[in-house]
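Please find below a colleague's note on the model under review.

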Amino acid sequence: MSAITDWRRYPDADLPPILQASLAEFVEHGYDGTSVRNIAGRLGVTVPALYYHYENKQALLVALLERAMDLVDSHTRAAADEAGADPVARLAAIVEAIALYMAQHAKLAFLHSELRSLTDEHRARYVARRDALESLLRDCLEQGLRSGEFSTPWVADCARAILSMCQGIAGWYDPHGADDPSAIARRHVQLSLSMMGASATGMSVTASEGAHQG
């Protein structure tokens with residue numbers, strides 16, 4: 001994947017036609033409710049032609065989840081790097097990047113709920129990547145607690161709550177609704193900072209920066 005020049009701008013998922021059709025079927029019918037025949041029919045190809053490219057339905061889900069993790073992981077790490085060591089700015093950037101992903105790639109992000117459908121081997125690989133992203137967030141929260149920028153001591157609980165809150169965006173975001181992804185992301189940043197008991201000064205500065213970026 002090429003270097004991220006603007007982490008707030010997520011590119012198209014750039015999925016090949018087979019994965020586009022698979023994503024549409026998985027979102028509409030769920031993994032268990034989707035058959036390879038359905039995907040082939042949506043694509044207008046034969047089942048053997050689809051199997052030529054992907055071994056089975058599981059391989060299609062794995063390819064989509066890998067692309068999803070590539071997107072959110074690369075942009076979130078780029079956001080954290082740009083924010084630097086300050087825990088308030090770093091938390092704001094991490095949450096903004098994740099929230100933007102959940103809105104701008106809501107269908108792809110929705111597939112994260114299909115974790116239960118992965119085989120043990122594939123689930124372990126996916127969970128390792130997800131846990132690494134959670135560790136990035138937890139390290140930031142722990143740093144802020146040590147420096148006195150944050151006051152809430154329940155770092156693990158807050159990290160999970162923040163990620164769950166952001167994940168929820170994929171389930172309710174309406175691209176035709178009143179809120180654009182930037183506005184949603186800014187609100188989630190403020191909610192996350194409040195959850196961590198961030199100083200009023202830090203929250204004020206972050207809110208001001210977000211207003212200029214919208």
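The points below take up the basis of the model, its pocket, a histidine, the aromatic pairs and a backbone angle.

1. Basis. The model is predicted; local features require pLDDT of at least 70 and side-chain atom pairs count only at pLDDT 80 or more, whereas totals for chains, interfaces and linings use all residues. Residues are numbered from 1 along each chain as its sequence is written, and side-chain values use heavy atoms, with hydrogens and water left out.

2. Largest pocket. The largest pocket holds about 360 Å³ of space. Its lining comprises 15 residues, of which Met102, Tyr126, Arg130, Leu163 and Gln167 are the closest to the centre. A pocket is an open set of points on a 1 Å grid over the protein atoms alone, where a 1.4 Å probe fits, with protein on both sides within 12 Å along at least five of seven lines; lining residues have an atom within 4 Å of a point. The volume is the space filled by probe spheres set on the points, which are joined across faces, edges and corners.

3. Composition of the lining. At least two lining residues come from each of helices H4 (57-83), H5 (87-104), H7 (120-147) and H8 (155-172); helices are DSSP runs (H or I, at least four residues) numbered from the N terminus. By class, 8 lining residues are nonpolar, 4 polar and 3 charged. Ala, Val, Leu, Ile, Met, Phe, Trp, Tyr, Cys and Pro count as nonpolar, Asp, Glu, Lys and Arg as charged, and the others, Gly among them, as polar.

4. His188. This residue belongs to helix H9 (residues 181-195). His188 is buried, at 8% relative accessibility (buried is under 20% relative accessible area, exposed over 50%, partly exposed in between; 1.4 Å probe, protein chains only). Beyond its neighbours within four places in sequence, His188 contacts Val95, Ala99, Met165, Cys166, Ile169 and Trp172 (heavy atoms within 4.5 Å).

5. Aromatic pairs. The structure contains 2 aromatic pairs (ring centres of Phe, Tyr or Trp, the last by its six-membered ring, within 6.5 Å; planes under 30 degrees apart are stacked, over 60 edge-to-face, the rest tilted). Tyr10 and Tyr101 form a tilted pair, 5.8 Å centre to centre with 45° between the planes. Tyr10 lies in the segment before helix H1 (17-29) and Tyr101 in helix H5, so the pair ties together parts 91 residues apart in sequence. Tyr10 is buried at 10%, and Tyr101 is buried at 0%. Phe26 and Tyr31 form a tilted pair at 5.5 Å and 45°.

6. Asp14. Asp14 has a positive phi, near 55°, and lies in the segment before H1. Most residues other than glycine have a negative phi. Asp14 is exposed, at 68% relative accessibility.
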